[in-house]
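Work through the following exercises with the sequence and the coordinates at hand.

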Amino acid sequence: MVLFRITPISLIKEGFVNRSDLHLCPERQQMNISLSGKYALICGSTQGIGLAIAKEFSSAGATCVLIARNKEGLEKAVSQLSIAHLQKHQYLVADFTKPSEVKQAIEGFIKNNTIHILVNNTGGPKPGMIADEDEQKFLDTFQQHVICNQVLAKAVIPGMKEARYGRIINIISTSVRIPIQNLGVSNTIRAAVASWSKTLSNEVAESGITVNSILTGYTATARLQSVIEANAAKRGVSTEVIAKEMIDKIPAKRFGDPAEIAAVAAFLASPAASFVNGVSIPVDGGGTGTI
Ligand SMILES: NC(=O)c1ccc[n+]([C@@H]2O[C@H](COP(=O)([O-])OP(=O)(O)OC[C@H]3O[C@@H](n4cnc5c(N)ncnc54)[C@H](OP(=O)(O)O)[C@@H]3O)[C@@H](O)[C@H]2O)c1
């Protein structure tokens, strides 16, 4: 795994990231984690953080099952995964705004398969001030983030119990600790996911299953780009101004690379993390002002 030092402002969105703006850290970091023999279900994995996790897990030997809405994107994502351990990666198409679709997809899959690692992840809600938001957006976001996590966890936990191995990892946000301005609905629902996660961790720990959350800081993906663009439009300033303000608040003075979130997810997914349970870990370059 390579850790990047990212040039402020210029790198935001996959697809128009100029990779020459990424400077490799002088110290190249390698993790020696094995997920060989493990089946990992990774949600929201056609791009961004989910795809980075799938790449990291496959390099560590896991067989990956990807879920998202876009079939072509899923096929492309699967083609980018490591098959060094002769894994046969697969994908399921499902829209997380429709929990019944997610339920149908996972229940069909687990009839013949066991999942050892579940990564709950999906797209974030559109930015907006909470005072202006409609009730329906709260309900939709709750379905997409909390209900789908519940549907997936409920489906895979029996197999995890039988295997005496389970890792549930939720990709959330640092807004669980400190709400982020102009992300009203997101802030509200993220806290619910963190609480769901902690509650579940208490119930399943005895069976060898851990449930942990990653509180993602600003990470260079399409999602971050959309947040920056929304804030720039709201304030009538350029995206560069917004990006610089965000970076200035991060002690590391850069955005994160999705691979850096994936590295923490790989550790949490591994046997080495067996006594790490019920925690929410910020991976944010030190950007969250809490202890
Ligand atoms: N990047 C950041 O700085 C940051 C910071 C804090 C929190 N987060 C949160 O972390 C999560 C991942 O972020 P990201 O930056 O990787 O986001 P991203 O680049 O927007 O990727 C989102 C992924 O989720 C899938 N997805 C979106 N809506 C879906 C739906 N309705 N059903 C199924 N799959 C869906 C997308 O695939 P398809 O379009 O193919 O479905 C895509 O693979 C998001 O919840 C985001 O809000 C990100």
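**Exercise 1.** Determine what share of the contacts in the protein with a separation of 6 or more comes from residues 24 or more positions apart.

Solution. In this predicted model, residues 24 or more positions apart account for 76% of the contacts with a separation of 6 or more. The protein to which this share refers has 291 residues, of which 45% count as buried, and it contains eight helices and nine strands.

**Exercise 2.** Describe how helix H4 (residues 135-163) and helix H5 (residues 184-204) pack, and state which residues make the contact.

Solution. Two packed helices are described by the angle between their axes and the distance between the axes. For H4 and H5 the angle is about 20°, and the axes are 9 Å apart. Angles under 35 degrees count as roughly parallel, and the two helices H4 and H5 are therefore roughly parallel to each other. The crossing in which H4 passes H5 is right-handed. On the H4 side the contact includes Phe-138, Phe-142, Val-146 and Ile-157, while on the H5 side Ile-189, Val-193, Trp-196 and Leu-200 are among the contributors. Sorted by class, the residues of this contact are 12 nonpolar, four polar and one charged.

**Exercise 3.** Classify Arg-164, Lys-253 and Arg-254 as buried, partly exposed or exposed, and place each in its loop.

Solution. Begin with Arg-164, which sits in the loop between H4 and strand E7 (166-171). Because 10 other C-beta atoms lie within 10 Å of its own, and 12 or fewer is the criterion for exposure, Arg-164 is exposed. Its phi is near 55°, a positive value in a residue other than glycine; most residues other than glycine have a negative phi.

Lys-253 belongs to the loop between H7 and H8, and its phi, near 60°, is likewise positive in a residue other than glycine. With 13 C-beta neighbours inside 10 Å, Lys-253 counts as partly exposed.

Arg-254 is also found in the loop between helix H7 (239-248) and helix H8 (258-269). Its 20 C-beta neighbours inside 10 Å mean that Arg-254 counts as buried. From C-alpha to C-alpha, Arg-254 and Ala-220 are 9.5 Å apart in space, although 34 residues apart in sequence.

Notes: Residues are numbered from 1 along each chain as its sequence is written. This is a predicted model: local features need pLDDT of at least 70, side-chain atom pairs count only at pLDDT 80 or more; totals for chains, interfaces and linings use all residues. Helices (H or I, at least four residues) and strands (E, at least two) are DSSP runs, numbered from the N terminus. Axes are lines fitted to C-alpha atoms, for helices over the stretch in contact, and angles run from 0 to 180 degrees between N-to-C directions. Angles under 35 degrees count as roughly parallel, over 145 as roughly antiparallel, 65 to 115 as roughly perpendicular and the rest as oblique. A crossing is left-handed if the near helix is turned anticlockwise from the far one by less than a right angle, and right-handed if clockwise. Two residues are in contact if their C-beta atoms, placed from the backbone, lie within 7 Å. Ala, Val, Leu, Ile, Met, Phe, Trp, Tyr, Cys and Pro count as nonpolar, Asp, Glu, Lys and Arg as charged, and the others, Gly among them, as polar.
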